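Subject: Structure handover

Hello,

Here is the structure I promised to pass on. Please open it and keep it in view while you read the notes below.

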Amino acid sequence: MASTEAHLPAGLLSPAERELLHQTWSDRPGFWGWVTAVDHKSVAKRYIFTAFLFFILGGLEAAAIRAQLARPENHLLDPDQYNQIFTMHGTTMMFLFGVPVQLAMAIYLVPLMVGTRNISFPRLNALGYWTYLIGGLFLYSGFILNTGPDAGWFSYVPLAGPQFSAGKRVDVWAQTVTFTEIAALIAAVELIVTILKQRAPGMSLNRIPVYVWAVLVTSFVVLFAMPSVALASMMLAMDRLVGSHFFNPAEGGDPLLWQHLYWFFGHPEVYIMFIPAAGFVSDIIPVFARRKMFGHTALVLSLVATGFVSFGLWVHHMFTTGLPQLGQSFFTGASLMIAIPSGVQVFCWIATLWAGRPRFATPLLFVIGFIVLFVCGGITGVMVASVPFDQQAHDTYFIVAHLHYVQVGAFVFPLFAAIYFWFPKMTGRLLSERLGKWNFWLFFIGVNVTFFPQHFLGLMGMTRRVYTYLPETGWGPLNLLSSVGAAMIGVSVLVFIANVFLSLREGVPAGDDPWGAHTLEWATASPPPPFNFAHLPVVGGLYPNWERGADAPVVTGLGNSHREVLATTVMDAVPDAIQTHPGPSVAPLLVALAIGVTFITGVFTPWGFVVGPVLLFPTMLMWLWPRRKPAAERAWCEERV
Amino acid sequence: MTPRQTGNVDVSGLPSVVFGQRALLWWGTLGFALIEGFSLVLTIASYLYLRQNEFDWPPGRTPNPDLLIPTVNTVLLLAMIVPMHAVDRAAKAFDGRGVRRNFAIATVMGAVVMTLRWWELLALNVRWDTHAYGSAAWAVVLMHSTLVIVDVFESATFCAIFRHGTAERKHYPDASDAAGYQYFLSLAWIPVYVVVFWLPRIL
Amino acid sequence: MTRPPPRPGRAPALLALAALASACAHSDMSAVDPAGPQAGRIAGMTWYLTIVGTVVFIITIGFLLYALWRGNRRVESYAGEGAERHIRRWVIGATAVTTAILLVTLVYDFATGRALARFAEPDALTIRVTGHQWWWQAQYIDPDPSKRFETANEIHVPVGRRVRIEVRAADVIHSFWVPNLHGKVDLIPGYTNTTYFRADRAGIYHGRCAEFCGYQHARMDFLVIADPPARFAGWYRDQLRSSVPPADSVRQVGEQVFMGTRCAMCHAIRGTEAGSRVGPDLTHLASRGTIASATLPNTRGHLAGWVLDPQSQKPGVYMPPNQLKPDELHALLSYLQSLK
Amino acid sequence: MMRTTAPSHLRALAPALALLALGACQREQRSFQETPPGATAFPAVQTTDIQAGPKTVDPAVNTYQENRVAVSQGQTWYTSFNCAGCHAPGGGGGMGVPLNDAEWIYGSDPENVFATIVEGRPNGMPSFRGRLSNTQIWQLVAYVRSMSGLTPKDTWSPRSDHMQEGRPNRTAQPQRQLP
């Protein structure tokens, strides 16, 4: 390096400047550094780690459910415990694992994939994580203290209302939902801005990787879906706390209003988990098929279409509530229509695999498993979109089977593919392929053994959310089979955990690009330095890493002594302005704590919503207040105009 | 990585203080305004949904909401656009005094709006726990009030930053964004005003 | 109704599917073992969807496996202008086929929905079913008030006649579902929903609550008993009768126990002073085959266990335990078993 | 880094959790088996607060008085057993005395209210001896006392979800029938 320093052309960094850049963008060391961190990679890593902890907890709850249902008339759990556990399972998997982990992966990957230094609003990003963490801890504190919610993850009123769910259990649920919404909305906004405004020069709309498109679509879905559940959970909390009547039929309220608001969020939520997963798959397949993706434009358009149509499906959760038939047919049409973009995606993936030369590493195995499970879940999805069939299948184990094929198949499998694929980027070490294959096969077989029989249980009349069943029903053998499958999934997750911890210690060092992948994140070190790229890349195509030669152009002239990022134009990603990012701060944590106090106190007394803001304002002020800077810095600020 | 010697994109000449959609924060503000606006739309939709459940609206012997205070407040809220527009213009001219003075005016007006909000809630002539009509009307007004609180806080903070703080040039675009948020806030009130205070008379 | 048997030999998966599907049909509460026209139409739709879905699944996964096998043998990726055109033709073709299948499905779905809706009939036998946590109240509605009566958890209907069920909820949302007869319909507080069905075979059809409703959601069952018309008419006449005061002394003691303790606080027996509507109507308890919301057989032993300690049978249920002396219990059971 | 510092967070959380634990467990308890306080004997009728020796309260009584679920259940019984018929929904009074004020003719302690329900009182309050289980009575007691604010605040019911008599069920649209 030292020898080249002398010949460095104008604008390229010398090692000393590089060191300065490193210092500028680093989080602080030690515990204080941990609570003040704003680097998108450190926040995302703890986000992913926390989400996986909740995944394991949710999995343990699933194991308890399957153990209870393994045989008829089982007395392992009483109905009170069972109701809490299945509610916790659903709430954990949807609110504390599914949505957060997808947004966390995006927070890690998007800034790297679009070639920028950090996410658009780093402190807001930290706030999102803290809020989510407080929500998760609050829910589990409640659960440990026998105050776990017990009205289902959908909390239908009036069962979840003040009369039939007395106590604080459902309040805990409602506030947890509020916390996770805040976190999700924050992530959505900052991801949208990162994608629209911080792309590397040359990454015009037609050169954005599919995954980044998927995150963009997902973020917009979050933006329009989450306010609905925020409103619903607020109304529920008010009904329970101050005696309002939104859902009280005796005073002009309406239980169906809850269902409309909830499913207006609840159905798009499935796509909040699925669309990024489709993005993972679309960016993993070309790497392992060793061929450019077939039908990039079709894929992107189908993701956009999926995002739009996902808002037209919510009533198919309400086909048995007695809505007029004509309206139902509209939603059947929409539910069938969404199969078309999904079909296009599947066909493009299969076509790429067919035309390429597949390399059967673990990420591709998970992708193939995903396609199989997703096609199955998609077909049962078409089945339940039909009103007459749904009148039989609704609220039975057929739906349980369908939703787990979609959730596990079309979300968890791609997520595992993504973890196997990007783990070396995040940690610098590869996961073990041998354990990975065990992980995959146990998981794939386990999922099918668990959930395939449940289709039949549903058609045999087994309803959902039952804590036990009578021997005469004849549901025993298939339930036992299902529980055996659940045990296999459990073992496979254990293999995964072992793989992660073993590989962290003694995994094969990955190097910058172990897979020969095409997206920008592989153009920097593994794990990436705090500033992501020493020189921001200039992008000339859809597969930058495959197309860029050794002498590809880069961006020069960004400052090293301040957190400068490049803002580019929305459509063509032409360099447009330089924006500065804030550094580490404890304010996000304090604001999150103030929000936590507001909503947790709000469970017990409406005064929480008076006391909370009193705490919130000083912490917000601390966040916004500019620090008095030395004269040299001021000069820099003025000069930069 | 050995970047090539020539043909690199030099960005050192780009400005760092930019207004409107060239700035990141403008987009962030837009994102949150979208969220809040859509929440308001959903709240109004819930209000109208609950309306289907009653023959009369307001139901039973509940009186119509009063109009005086809400109308005064609406005018005041719309009038806030004037000082905020001045803030926007002053910010774009990097006129610190103008920004500060107009933020101060807007803060005071916002505080008055917030105070009048209390009487506005009383003007609904119904308690939130009377029946669903009461709950829905309170919810719509309170939903908008949270936006007003945020806005007053924001204006006061900017006022303080520009008075006592070390306001830099980079704060001027933020002030301009705050003006944009205020326009959204004032205009978002109009549907609330029409739905909550006029609709019961019309329907 | 169409139930085309899956052709054997197409694929082992299809065989396995058929085997499991036939297992479904033999279950007590099968959605694909219809006993009436409504369930029949839905079962036809179910078979259509299952078979089309299975075929689509096999073809798609077949393509996937072929793609992996073919790709694995390539020396060089199949790329270039011509390759893209070639692939595009296939993808567009597959999308077109998918769309066509979905359109056919939509039309079939719409037709089935219309057929189900057309089943409504104004002069059908009307039964008002009210869901309670965790039992079913059934009121037989007749224009003539003297021909109305109330029962619980066992709903008798005449074979071959259309039945109109008006459902309501007393507390939380429940869902009325008899898989052999029709799809489910939700009971929502504040709403009255209506569903129609007809039983074409005599028999006992099991129903359950399908919407989560609290602790005993799992054991909120009921029976629909389809009787030949003559038998149904006899049952109807019997149900219209009020109970007669018992003649023998043991049952008289039993009646006193019933009226003097907690029983009468919640249950009604027509013809006596017990008239509370909190729990199921017991006027003709002994004519029912089951107790505890159709989850226990109506035998003396089960009845005794239920009366003494309902919580150990169905934890969380609202009925309180009853401490009765042995002779009181004996008398009470004798009385209850005389309520034919 | 994350793994090394996380436990110290948990340590900081522990006292807060312990604090929460004190209140939460008891108030959320759902009891399926009948374990009524004083199951064997009815408390003696007591018309004044004057009593020889220190006042004794069965500690188990408080598990009902402080349990939100018990209050809610009592509210259900209040409607089911038609207490509302005389005392009005919400306890405003009518044929019977109001229950939501501070005036208690026969004492406001849980035991007094229990005795009132069991024994009945002159001028119309019937005796429910033997007709209600002790659990049911204690739940009613808890609800009755909550109406005048004698139970902890977080046990009060903001409102009931029960359908009220006389309010017609609706079908939102005339054609609103399942196909």
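**A hairpin in chain A**

Strands S2(A) and S3(A) make a hairpin, with six residues between them. In the turn, Ala573(A) has a positive phi of about 55 degrees. Bear in mind that this is a predicted model.

The two strands run antiparallel and pair over five bridges. Start at Glu564(A): its bridge partner in S3(A) is Thr580(A).

Is S2(A) enclosed or open? Five of the five residues in this strand (564-568) are buried, so S2(A) is largely enclosed by the rest of the structure. In a regular strand, side chains alternate between the two faces of the sheet. Here both faces are covered. Glu564(A), Leu566(A) and Thr568(A) are buried on one side. Val565(A) and Ala567(A) are buried on the other.

**The nonpolar core**

The largest nonpolar core has 359 residues. Which of them touch the most other members? They are Ile107(A) and Ala417(A). Helix H8 of chain A (residues 210-241) supplies the largest share of this core, with 24 residues. Chain C takes part too: domain 1 (37-117) and domain 2 (249-336) of chain C both give residues to the core, so it lies between them. In soluble globular proteins, nonpolar side chains tend to be buried together.

Now look around Ile107(A). Leave aside its neighbours within four places in sequence. Ile107(A) is then in contact with His40(A), Val43(A), Ala44(A), Tyr47(A), Ile119(A), Asn125(A) and Ala187(A).

Another core lies apart from the largest one. This other core has 24 residues, including Phe114(D), Ala115(D), Leu132(D) and Tyr143(D).

Chain C is divided into domain 1 (37-117) and domain 2 (249-336). The C-alpha centres of these two domains lie 57 Å apart.

Next, the contact between chains. 75 residues of chain C are in contact with 73 residues of chain A. On the chain C side, the elements that give two or more residues are helices H1 (12-25), H2 (37-73) and H3 (81-117) and strand S7 (182-187). H3(C) gives the most, with 18 residues. By class, this side of chain C has 41 nonpolar, 23 polar and 11 charged residues.

**Two sheets in chain C**

One open sheet has five strands, in the order S4-S10-S9-S6-S7 of chain C, with mixed pairing. Which strands are at the edges? They are S4(C) (154-158) and S7(C), and each pairs on one side only. Neighbouring strands are turned by 20 degrees against each other on average, direction ignored.

S6(C) (residues 174-178) and S7(C) pair in the antiparallel sense over four bridges. Val178(C) stands opposite His182(C) in S7(C). Helix H4 of chain C (residues 229-240) packs on this sheet and touches S4(C) and S10(C). The direction of H4(C) makes about 135 degrees with that of S4(C).

A further open sheet of five strands runs in the order S3-S2-S1-S5-S8 of chain C, and its pairing is mixed. Its edge strands are S3(C) (149-152) and S8(C) (193-197). Its twist averages 25 degrees from one strand to the next. Within it, S1(C) (residues 125-132) and S5(C) (residues 163-169) pair in the parallel sense over seven bridges. The bridge partner of Leu125(C) in S5(C) is Val163(C).

Best wishes

Technical notes: Residues numbered from 1 in each chain as written. Chains lettered and ligands numbered in written order. Predicted model: local features only at pLDDT ≥ 70, side-chain atom pairs only at ≥ 80, totals over all residues. Core = buried A, V, L, I, M, F, W, Y, C linked by C-beta atoms within 7 Å. Buried ≥ 20, exposed ≤ 12 C-beta atoms within 10 Å, placed from the backbone. Domains from an automatic or database assignment. Contact = placed C-beta atoms within 7 Å. Nonpolar A, V, L, I, M, F, W, Y, C, P; charged D, E, K, R; others polar. Pairing = 2+ DSSP bridges. Axes fitted to C-alpha atoms, helices over the stretch in contact; angles between N-to-C directions.
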